[in-house]
Amino acid sequence: MPVEKSEGMTPTRWAILLSLGFGVSVVIMDATIVNVALPVVMKDLGLTGSDAQWLNAAYALVFAALLVTVGRLGDLYGRRRLFLAGMLVFVASSVVAGSAVNPSMLIAARFVQGLGAGMIVPSTLSTLNAVFTGRSRTIAFAVWGSAIGGMAAIGPLVGGWLATDLSWRWAFWLNIPVGLLVMIGIVRV
C-alpha cells in the first residue's frame, strides 16, 4: 500500500507507525524482560554465573555492534526489506530461545536475536525519517521514543509475571505473535 502524499497523519501513516512502534517495542522489551526471568532460567537450565552473563551480553553486544553497519545496509538494499528480514530472524530465534534445552542453545539463540534486533532498530528509525515530514514527523518520533521508554519500563514487569505465573520460556515466545503482527504490517503497509 503506497504512502499518501499529504504531510498529515493519515490512516496508512498510522498503520506504518503502529508497525514500526511494535517492531522496536519487541526488541526493547526483550532486552529487559530476560533480566528479571534470569534466576528462574538459571535454575531450570543449570546456567552458571558466566552463562548468565553471556545470555544478556550476547544479545546486547551483537545488537549494539551492528546498528550502524546494518543501518547502511538498509540504505543500500531497502529499509523495508531489512526490517522484514530482521523480524524473521528475531522471531525464529525467539522460538529457539524459548525451546532451549541447555545453556549453549539459549545463548546461541540470544546471539541470533541480537542480530535480528540490530536489523530492526535502524530500519524503524530510518523509515520514520523517510515516511514522515513536518508535524507528522514530530508525532512519529514521539511515538517511537515513547515505545522505547515504555517497553524498557514494562519489560521487567512482564518478565517477572511470566517467570512467576507461567514459564520463563514465554519471555521469548511472547515475541512470536507480536513479531507476526509486525511482519503483516510490514508487508501490507
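Helix H2 has 29 residues, which at 1.5 Å a residue should span 42 Å; its end C-alpha atoms lie 40 Å apart, in agreement. The expected span is 1.5 Å times one less than the number of residues. Helices here are DSSP runs (H or I, at least four residues), numbered from the N terminus. The structure is a predicted model: local features need pLDDT of at least 70, side-chain atom pairs count only at pLDDT 80 or more, and totals for chains, interfaces and linings use all residues. Residues are numbered from 1 along each chain as its sequence is written, and side-chain values use heavy atoms, with hydrogens and water left out.

H2 carries a kink of about 50°, centred on leucine 67. The bend at a residue is the angle between axes fitted to the seven residues ending there and the seven starting there. Buried residues of H2 include Asp51, Ala52, Leu55, Ala58 and Tyr59. Val62, Phe63, Val70, Gly71 and Gly74 of H2 are buried too. Buried means under 20% relative accessible area, exposed means over 50%, and partly exposed lies in between (1.4 Å probe, protein chains only). The buried residues of H2 pack against H1, H3 and H4. Just after H2, glycine 78 takes a positive phi of about 110°.

Leucine 73 also sits in H2. Its relative accessible area is 36%, so leucine 73 is partly exposed. Leaving out residues up to four places away in sequence, leucine 73 touches Gly78 and Leu82. Contact means heavy atoms within 4.5 Å. Leucine 73 and serine 123 are 50 residues apart along the chain, and their C-alpha atoms are separated by 9.5 Å.

The whole structure holds 3 aromatic pairs. One of them joins tyrosine 59 and phenylalanine 63, a tilted pair with 6.0 Å centre to centre and 40° between the planes. Rings of Phe, Tyr and Trp (its six-membered ring) pair if their centres lie within 6.5 Å; planes under 30 degrees apart count as stacked, over 60 as edge-to-face, and the rest as tilted. Both residues of this pair lie in H2 (residues 49-77), 4 residues apart, about one turn of the helix. An α-helix has 3.6 residues a turn, so residues three or four places apart point the same way. Tyrosine 59 is buried at 2% relative accessible area. Phenylalanine 63 is buried at 16%. The rings of tryptophan 170 and tryptophan 173 have centres 5.4 Å apart and planes at 85°, so that pair is edge-to-face. These two tryptophans lie in helix H6 (residues 170-173), 3 residues apart, about one turn of the helix. Tryptophan 170 is partly exposed at 39% relative accessibility, and tryptophan 173 is partly exposed at 24%.

Arginine 110 lies over the face of tyrosine 59, at 4.2 Å from the ring centre. A charge sits over a ring if NZ of Lys or CZ of Arg is within 6 Å of the ring centre and within 35 degrees of the ring normal.

Helix H3 (residues 79-98) has 20 residues. Its first and last C-alpha atoms are 28 Å apart, close to the 28 Å expected. Among its buried residues are Leu82, Phe83, Met87 and Phe90. The cover over the buried residues of H3 includes helix H1 (11-45), H2, helix H4 (103-131), H6 and helix H7 (175-188).

Beyond its neighbours within four places in sequence, valine 41 is in contact with Gly46, Leu47, Leu55, Leu106 and Trp168.

The 32 residues of H5 should span 46 Å at 1.5 Å a residue; the end C-alpha atoms are 45 Å apart, which agrees. A kink of about 30° lies at isoleucine 154, shortly before proline 156. Buried residues of H5 include Trp144, Met151 and Val158. Their cover includes H1, H4 and H6. Leaving aside neighbours within four places in sequence, methionine 151 is in contact with Ser25, Ile28, Met29 and Thr32.
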